[in-house]
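I opened this notebook to record what I looked up in the structure. The entries follow the order in which I took up each topic.

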Amino acid sequence: MSEHKATIDWKRETPDFAYQTYNRDHDWAFDAGVTIRASAAPAYLGSESCVDPEEAFVASLSSCHMLTFLAVAARRKYVVDAYHDEAVGVLDKDAGGRLAITRVTLTPQVSFSGEKTPSPEELRQLHDQAHHACFIANSVKTEVVVEPQ
């Protein structure tokens, strides 16, 4: 078992606190000393130059899948040279009528080298195993679809 922490800091930078005018920008600080400037999505009056929680959620799923895939591939003695994913999350109403990221599609493109490279079926199995072992995917109710490229 392990704990994972993030510190979120926000301060009002506007003279008033009205929905249309209060600032959304804030900081996410992590144990490694990394701080990321975040905001609401632009559709919710946030800054386009910051990461928004919806993007971070999609990135978290993609990153977890990749890291788990790399571990699975290494254990099976495949040599992965590159991994690229352009993940997309869809914000929509869920079955209860609430806004939620209802679907995240991962489209990983993986390059291998060495004497042993996976067949298309073996690649699908690697992604399937990675998906089912991904901590983040196992933690959410969002449908996560993996479509290897």
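**Entries on a helix and a sheet**

I began just after helix H1, where Lys77 takes a positive phi of about 70°. I note that the model is a predicted one.

I then turned to H1 itself, which covers residues 53-75 and has 23 residues. From its first C-alpha to its last, H1 reaches 33 Å, and I found this close to the 33 Å expected at 1.5 Å a residue.

At the start of H1, I looked up Asp52: one of its side-chain oxygens comes to within 3.0 Å of the backbone nitrogen of Glu54.

Which residues of H1 are buried? I listed Val58, Leu61, Ser62, Cys64, His65, Thr68, Phe69, Val72 and Ala73. I next asked what the buried residues of H1 pack against. Their partners are helix H2 (120-133) and the strands E4 (79-84), E5 (88-93), E6 (99-106), E7 (109-113) and E8 (143-146).

My next entry concerns a sheet. Three strands form an open sheet in the order E1-E2-E3, and I recorded the pairing as antiparallel. Strand E1 (6-9) and strand E3 (35-38) are the edge strands, as each pairs on one side only. Neighbouring strands of this sheet are turned by 25° against each other on average, direction ignored.

I noted as background that strands of a sheet pair through backbone hydrogen bonds, either parallel or antiparallel.

How many bridges join strand E2 to E3? I recorded four between E2 (residues 26-30) and E3, which run antiparallel. Lastly, I looked up Asp27 and found that its bridge partner in E3 is Arg37.

Methods: Residues numbered from 1 in each chain as written. Predicted model: local features only at pLDDT ≥ 70, side-chain atom pairs only at ≥ 80, totals over all residues. Heavy atoms only, no water. Pairing = 2+ DSSP bridges. Helix = DSSP H or I, 4+ residues; strand = E, 2+ residues; numbered from the N terminus. Axes fitted to C-alpha atoms, helices over the stretch in contact; angles between N-to-C directions. Expected span 1.5 Å × (residues − 1). Buried < 20%, exposed > 50% of the residue type's maximum accessible area, 1.4 Å probe, protein only. Contact = heavy atoms within 4.5 Å. Polar contact = N/O pair within 3.5 Å; in protein donor to acceptor, adjacent residues only side chain to side chain.
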